[in-house]
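Here is a short briefing to read alongside the model. Have the viewer open and follow along topic by topic.

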Amino acid sequence: MGKNKNAVYAKIPQSIIRGDYVFQAIPNAFNNRISWWLSKKNWTVAMYCFSANTERLLEEQLAHLDDYIRIFQEKFEREG
């Protein structure tokens, strides 16, 4: 029988690394969801991306990781 992708995570999922960028799962203090934050190697800034506390919700967001990186770059890595 297949795994229930709608089940709430019992533990925090592992980080997702894309080159110098990392998507980190953090428990949200205000609800029962897991917030995913994006940061860059050697940087001290993080950007909230989405909340997902089930595998199904996370899989829906995985297709957009490059979009979140692009938004991070536009917001924080602009010159000037």
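This is a predicted model: local features need pLDDT of at least 70, side-chain atom pairs count only at pLDDT 80 or more; totals for chains, interfaces and linings use all residues.

- Four strands form an open sheet in the order 1-2-3-4, and their pairing is antiparallel.
- Strand 1 and strand 4 are at the edges with a single partner strand each, so one side of each has no neighbour in the sheet.
- From one strand to the next, the twist averages 25 degrees.
- Five bridges join strand 3 and strand 4 in the antiparallel sense; W37 has Y48 in strand 4 as its bridge partner.

**Helix 2 on the sheet**
- Helix 2 packs on this sheet and touches strand 1, strand 2, strand 3 and strand 4. The direction of helix 2 makes about 150 degrees with that of strand 4.
- Helix 2 spans residues 65–76, which is 12 residues. From first C-alpha to last it reaches 16 Å, close to the 16 Å expected at 1.5 Å a residue.
- Its buried residues are L65, Y68, I69 and F72. Viewed down the axis of helix 2, these buried residues fall within an arc of 100 degrees, so they line one face of the helix.
- The general rule behind such a pattern is that an α-helix has 3.6 residues a turn, so residues three or four places apart point the same way.
- The cover over the buried residues of helix 2 includes helix 1 (55–62) as well as strand 1 (16–18), strand 2 (21–27), strand 3 (34–40) and strand 4 (46–51).

**A loop residue to look at**
- N42 sits in the loop between strand 3 and strand 4.
- The phi of N42 is near 70 degrees, a positive value in a residue other than glycine.
- Is N42 buried or exposed? N42 counts as exposed because its relative accessibility is 77%, and the cut-off for exposed is over 50%.

Key
Residues are numbered from 1 along each chain as its sequence is written. Side-chain values use heavy atoms; hydrogens and water are left out. Helices (H or I, at least four residues) and strands (E, at least two) are DSSP runs, numbered from the N terminus. The expected span of a helix is 1.5 Å times one less than its number of residues. Buried means under 20% relative accessible area, exposed over 50%, partly exposed in between (1.4 Å probe, protein chains only). The arc is that of the directions from the helix axis to the C-beta atoms. Contact means heavy atoms within 4.5 Å. Two strands pair if DSSP finds at least two bridges between them. Axes are lines fitted to C-alpha atoms, for helices over the stretch in contact, and angles run from 0 to 180 degrees between N-to-C directions.
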